[in-house]
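Open the model in your viewer and keep a selection tool ready. The tour below goes from one selection to the next and says what is found at each stop.

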Amino acid sequence: MARKRRVATTSKPKPRVDAPGRQRRSVAPQRGRRPKPLPKAPPPVELAGELPLRIGHGWDLHRLEPLAPDGAGRPMVIGGVRIADGQLKSGPVARSDGDVLLHAATDAILGALALPDIGELFPDTDPRHEGADSSQFLREALRRAKVAGYVVGNMDATVICERPKIGPIKEQIRLNLARLLEVSPERVNVKGKTHERVDAVGDGRAIEAHAVVTLVLRERVGGQG
Ligand SMILES: [Zn+2]
């Protein structure tokens, strides 16, 4: 349909414009009248700490060294699962057990809560964490989430290393991670990648993990954050 061209005249007042290029014909200009005040806007819904959903990301990397007594490497633990691979001659260097996946998972939860990260809460300079089972860090992060009113919605994690091969142990790691996060296994995903023999991870000199988590608002369960 062809548009009719409007010819503006100088004698008539200009009609009110709602949006660029669009003219309202029905509303006549109201000279000398004050516009009605708009109703007050409701207060913002997203009050601090009460978002219905929070997303967190965690990343971790550990240097790998030959196992003791040849080096400072600890026996490999991933997602709370001790890796029984006789071919594995190196392990993570860490104050704790060096569980790269649980560290990333812990940081994801703390990150979602906008809390200090795992290194600040559990410094590796603290001798109390010598050889510590990293599931305790994850439990503490989860406790803080509950105190703030949240439970885990789901987690997606990726472990990157040359050895061990994650494929055969992926399900075991996923089940254990779900148990630690207190959710059903369908809410947890674990992927294994290599670093294509590039850089330190690809050379087998480091292991890396990423974790993304959603926290869902439930209700506050008491206690101190
Ligand atoms: Zn770590």
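Two strands pair if DSSP finds at least two bridges between them. Strands (E, at least two residues) and helices (H or I, at least four) are DSSP runs, numbered from the N terminus. Residues are numbered from 1 along each chain as its sequence is written. This is a predicted model, in which local features need pLDDT of at least 70 and side-chain atom pairs count only at pLDDT 80 or more, while totals for chains, interfaces and linings use all residues.

**Stop 1: colour by confidence**

pLDDT is the predictor's confidence in each residue, from 0 to 100. The protein chain has a mean pLDDT of 85, with 79% of its residues at 70 or more. Select residues 1–11: pLDDT stays under 50 there, and the model has zero contacts beyond four places in sequence for them. Two residues are in contact if their C-beta atoms, placed from the backbone, lie within 7 Å. Residues 14–24 also stay under 50 in pLDDT, but for these the model has nine contacts beyond four places in sequence. Where pLDDT is low, the predicted coordinates should not be read in detail.

**Stop 2**

Select the five strands that form an open sheet in the order 6-3-9-7-8, with mixed pairing. Strand 6 (90–92) and strand 8 (188–193) are the edge strands, each pairing on one side only. On average, neighbouring strands of this sheet are turned by 20° against each other, direction ignored. Axes here are lines fitted to C-alpha atoms, for helices over the stretch in contact, and angles run from 0 to 180 degrees between N-to-C directions.

Now go through the pairs:

- Strand 7 (residues 150–160) pairs with strand 8 in the parallel sense, over six bridges.
- Strand 7 and strand 9 run antiparallel and are joined by 10 bridges. V152 has L215 in strand 9 as its bridge partner.
- Strand 3 and strand 9 pair in the antiparallel sense over 11 bridges. H62 stands opposite I207 in strand 9.

A residue is buried if 20 or more other C-beta atoms lie within 10 Å of its own, exposed if 12 or fewer, and partly exposed in between, with C-beta atoms placed from the backbone.

**Stop 3: the nonpolar core**

A nonpolar core is a set of buried Ala, Val, Leu, Ile, Met, Phe, Trp, Tyr and Cys residues joined through C-beta atoms within 7 Å. The largest one has 44 residues; L101, A105, I109, M155 and V159 have the most contacts inside it. Helix 1 supplies the largest share of this core, nine residues.

Centre the view on V159. Leaving aside neighbours within four places in sequence, V159 is in contact with I78, V100, L101, I166, V190, G192 and A209.

**Stop 4: helix 3**

Select helix 3. Its 13 residues should span 18 Å at 1.5 Å a residue, and the end C-alpha atoms are 18 Å apart, which agrees. The expected span is 1.5 Å times one less than the number of residues. Buried residues in helix 3 are S135, F137, L138, A141, L142, A145 and K146. These pack against helix 1, helix 2 (118–121), strand 7, helix 4 and strand 9. Just after helix 3, select G149, which takes a positive phi of about 100°.

**Stop 5: backbone details**

Which peptide bonds are cis? One runs from A68 to P69, with omega near 10°, and P69 is in the loop between strand 3 and strand 4 (77–78). Another runs from R163 to P164, with omega near 0°; P164 lies in the loop between strand 7 and helix 4.

Next select E196, in the loop between strand 8 and helix 5 (199–202). E196 is not a glycine, yet has a positive phi of about 55°. It counts as exposed because it has 10 C-beta neighbours inside 10 Å.

End at D199, which lies in helix 5. Phi of D199 is near 65°, a positive value in a residue other than glycine. With 11 C-beta neighbours inside 10 Å, D199 counts as exposed.
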